[in-house]
Amino acid sequence: MTHVTIEEYPVADGEAGPYSLTTGPDGALWFTLVHSGRIGRLVPGEEATGHPLGPGCGPTVIVPGPDGALWFTEYRGHRIGRITTEGVVDAFALPAPDRGPFGIAAGPDGALWFTETAADRVGRITVDGQVTEFPLPVTGAFPSAIAAGGDGAMWFTLNQANAVGRIDGNGTVVLHPLPTEGAAPVGIAAGRDGALWFTEIAAGQIGRITPDGRITEFPLPDRAGRPHAVTVDGGGTAWFTEWGANRVGAITSDGSVTVHDLPTPRSEPHGITVGPDGALWTALETGALARVAPADGPADGPA
């Protein structure tokens with residue numbers, strides 16, 4: 001895919017901080033406003049709406065849950081949140097007020113799994129709010145994003161331990177160190193071939209790891225681009241944001257990379273997802289959601 005069109009849809013002022021976004025079961029985009037403590041909803045072509053959570057909670061990553069609701073982390077509130085498609089909000093406290101939950105993803109077991117950046121743990125929460133924590137075999141690791149792999153386990157990045165981890169349903173953890181020192185991985189997403197893609201924000205690379213732990217790293221054209229989040233479209237292409245370079249990029253299974261400049265300078269792209277319309281959508285911290293689609297027709301189907 002060489003040529004794309006990019007359209008921006010303002011959803012908040014410049015201080016609210018759109019951060020993560022996902023497609024909900026209602027066919028809308030749901031997104032976090034990390035600085036203003038709100039969850040937003042956008043149906044492409046309509047006005048965005050919002051749901052207040054409370055000041056200072058720092059909603060961060062949002063994903064669809066197995067129960068038809070949206071689940072999200074409150075990085076500064078040290079809680080896991082849930083919002084129905086009607087806008088009813090619940091929050092579940094973690095065992096201690098110092099966990100810093102960041103990444104969250106639905107697991108194959110009908111629960112949500114999340115990372116605790118400040119506690120060197122991965123957590124699991126059932127849809128009725130029961131929390132279990134699993135310690136990691138390393139300290140100061142800053143576990144970040146998490147995704148369900150095709151092997152029945154959860155995979156996550158360890159930003160400060162320079163590794164990708166795997167945790168099974170019993171809490172058994174295996175760590176895979178990255179070949180590049182100080183790569184600082186953040187985003188991670190499952191591919192279509194059983195492998196997972198991840199970003200190396202400090203190294204300017206995209207990584208790929210197979211279920212048996214084999215890692216391949218692909219340098220980006222701009223090593224200072226600060227790749228942050230990653231998602232995989234219906235055709236198996238991985239899309240990522242370059243937070244420091246104001247771009248989105250795509251990488252195919254053979255490592256071919258294409259990058260696209262965003263129209264507004266310094267818009268700080270963070271999360272990225274396949275939208276309800278099959279296009280790619282990314283959250284711009286400066287106050288908008290951007291739609292990225294092929295210039296010659298609709299994007300690949302929803303992931």
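This is a predicted model: local features need pLDDT of at least 70, side-chain atom pairs count only at pLDDT 80 or more; totals for chains, interfaces and linings use all residues.
Arg208 belongs to strand E20, which spans residues 205–209, and the side chain of Arg208 forms a polar contact of 2.6 Å with the side chain of Asp193. When residues up to four places away in sequence are set aside, Arg208 touches Asp193, Ala195, Leu196, Trp197 and Phe198, together with Arg214, Ile215, Thr216 and Phe218.

The largest pocket of the model has a volume of about 940 Å³, and its lining is made up of 40 residues, of which Thr22, Val63, Val230, Thr231 and Thr273 lie nearest the centre. At least two lining residues are supplied by each of strands E2 (18–23), E6 (59–64), E10 (101–106), E14 (143–148), E18 (185–190), E22 (227–232) and E26 (269–274). By class, the lining of the largest pocket comprises 25 nonpolar residues, 14 polar residues and one charged residue.

For the second largest pocket, the volume is about 330 Å³. This pocket is lined by 16 residues, and those nearest its centre are Tyr19, Phe102, Phe142, His228 and His270. Eight nonpolar, six polar and two charged residues make up the lining of the second largest pocket.

Most residues other than glycine have a negative phi. Phe142 is placed in the loop between strand E13 (131–135) and strand E14, and strand E14 is one of the strands that supply at least two residues to the lining of the largest pocket. At 30% relative accessibility, Phe142 counts as partly exposed, because this class lies between the limits of 20% and 50%.

A positive phi, of about 55°, is likewise found at Ala184, which is not a glycine. Ala184 lies in the loop between strand E17 (173–177) and strand E18, and strand E18, too, is among the strands that each supply at least two residues of the lining of the largest pocket. Ala184 has a relative accessible area of 10% and is therefore buried.

Methods
Residues are numbered from 1 along each chain as its sequence is written. Side-chain values use heavy atoms; hydrogens and water are left out. Helices (H or I, at least four residues) and strands (E, at least two) are DSSP runs, numbered from the N terminus. A polar contact is a pair of N or O atoms within 3.5 Å; within protein, one must be able to donate a hydrogen and the other to accept it, and residues adjacent in sequence count only if both atoms are side-chain atoms. Contact means heavy atoms within 4.5 Å. On a 1 Å grid over the protein atoms alone, a cavity is a set of points where a 1.4 Å probe fits but cannot get out, and a pocket is an open set with protein on both sides within 12 Å along at least five of seven lines; lining residues have an atom within 4 Å of a point. Grid points are joined across faces, edges and corners, and a volume is the space filled by probe spheres set on the points. Ala, Val, Leu, Ile, Met, Phe, Trp, Tyr, Cys and Pro count as nonpolar, Asp, Glu, Lys and Arg as charged, and the others, Gly among them, as polar. Buried means under 20% relative accessible area, exposed over 50%, partly exposed in between (1.4 Å probe, protein chains only).
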